[in-house]
Amino acid sequence: MQDQPGDLIDLRGDCANCFGLCCVALPFTASADFALDKAAGTPCRNLQDDHRCGIHARLRQSGFTGCTVYDCFGAGQKVSQVTFAGQDWRAGSRADARRMFDVFPVVRQLHELLWYLTEALTLPAARPLQAELRELLDATEELTRRPPEELASLDVAAHRQKVNVLLLRTSELARAGVRGRKKERRGADLMGARLRGADLRGANLRGAYLIAADLTGADLRGADLIGADLRDTDLTDADLTGAFFLTQPQLNAARGSAGTRLPESVGRPAHWTAQR
């Protein structure tokens, strides 16, 4: 992992201070990502009594690739240690456990927004928006600290839209500083596309579907990658220097190499070395 800004490190999952919430609260379906079906609120069969995963070191080999591309952005420890003050869902009532499981996905969404807002504040081009970004960051953080009953009924979609408007303005400022013609690929269907060596400097790839696309050696410097689907995308030797709004889960879902150049906000996935 590369060194990262302190605020972003705080927005990563800390399993040692979480009660295994992602392994209990969330559902999954037997597929290429998961080896079995699991209902929401039901503990995964691999979850141990100490809230650790019994197959963490071999998740991919065991058919749980979906777990390796998930990050709660620090919501797990927030809900466990702050919202519920360290009360283990196993020790409380069923009603308390259900409340915790209901709140966790809400806080996870809010923490993802905190990630984007925190990164936006580090972008030099976004200086004209710093006051607005800071105000919205503080407001989002305040929401994460509300009582369980308020969190459960929170209109996260409305708040996300408010954040998105400001992130769009941030993106426009950041990409304006990239030389050359900038490609507009917002929400584009680029599944399986052959983009080897493509010039995507300063491109708008927000929400683009890049599943299994070949981006070997592509130039993605200064590109906006918020919400881009990078599952099985080949980023071998691609240059993502200065790309922004890229999260670790997105990168973990892709393929890459030692030659892939990454922004400081994310780390190089361990499986990239193992798979080649």
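Which cysteine has the sulfur closest to that of Cys22, and how far away is that sulfur?

Modeller: The closest cysteine sulfur to that of Cys22 belongs to Cys23, at 3.9 Å, which is too far for a bond. The model is a predicted one, in which local features need pLDDT of at least 70 and side-chain atom pairs count only at pLDDT 80 or more, while totals for chains, interfaces and linings use all residues. Residues are numbered from 1 along each chain as its sequence is written, and side-chain values use heavy atoms, with hydrogens and water left out.

A disulfide is taken here as a pair of cysteine sulfur atoms within 2.5 Å, and the structure holds 0 of them. Cys22 itself is partly exposed, at a relative accessible area of 30%; on this scale buried means under 20%, exposed over 50%, and partly exposed the range in between (1.4 Å probe, protein chains only). Cys67 is likewise in no disulfide, and the nearest cysteine sulfur, in Cys44, lies 6.3 Å from its own. Cys67 counts as partly exposed because its relative accessibility is 32%.

Helices are DSSP runs (H or I, at least four residues), as are strands (E, at least two), numbered from the N terminus. Gly66 is buried, with a relative accessible area of 9%. The C-alpha atoms of Gly66 and Phe34 are 6.0 Å apart, although 32 residues separate the two in sequence. Phe34 also belongs to an aromatic cluster that it forms with Phe28 and Phe64. Over the ring of one member, Phe28, sits the charged end of Lys38, 5.5 Å from the ring centre. The criterion for that arrangement is NZ of Lys or CZ of Arg within 6 Å of the ring centre and within 35 degrees of the ring normal.

Ser31 is found in the loop between helix H1 (6–9) and H2. At a relative accessible area of 44%, Ser31 is partly exposed. Its C-alpha is 20 Å from that of Leu210, a residue 179 positions away in sequence.

Phe73 is buried, with a relative accessible area of 2%, and has a phi near 60°, a positive value in a residue other than glycine. Most residues other than glycine have a negative phi. Phe245, in the loop between H7 and H8, also has a positive phi, near 60°.

The structure holds 6 aromatic pairs. Two rings pair if their centres lie within 6.5 Å (Phe, Tyr and the six-membered ring of Trp), and planes under 30 degrees apart count as stacked, over 60 as edge-to-face and the rest as tilted. Among the pairs is that of Trp89 and Phe101, with centres 5.6 Å apart and planes at 65°, so the pair is edge-to-face. Trp89 lies in the loop between helix H3 (75–83) and helix H4 (94–122), whereas Phe101 lies in H4, so the pair ties together parts 12 residues apart in sequence. Both of these residues, Trp89 and Phe101, are buried. Phe244 and Phe245 form another edge-to-face pair, 5.1 Å centre to centre with 80° between the planes. Both Phe244 and Phe245 are buried, and Phe245 has a relative accessibility of 0%.

H4, which carries Phe101, also passes other helices. Its axis and that of helix H5 (residues 130–144) come within 9 Å and cross at roughly 155°. Axes are lines fitted to C-alpha atoms, for helices over the stretch in contact, with angles from 0 to 180 degrees between N-to-C directions. H4 and H5 are therefore roughly antiparallel, since angles over 145 degrees count so, those under 35 as roughly parallel, 65 to 115 as roughly perpendicular and the rest as oblique. The crossing of H4 and H5 is left-handed, meaning that the near helix is turned anticlockwise from the far one by less than a right angle, whereas clockwise would be right-handed. With H7, the axis of H4 comes within 11 Å and crosses at roughly 15°. H4 and H7 are therefore roughly parallel, and their crossing is left-handed.

Finally, Val178 is found in the loop between helix H7 (156–176) and helix H8 (248–253). Val178 counts as buried because its relative accessibility is 17%. From Val178 to Arg201, 23 residues away in sequence, the C-alpha to C-alpha distance is 6.9 Å.
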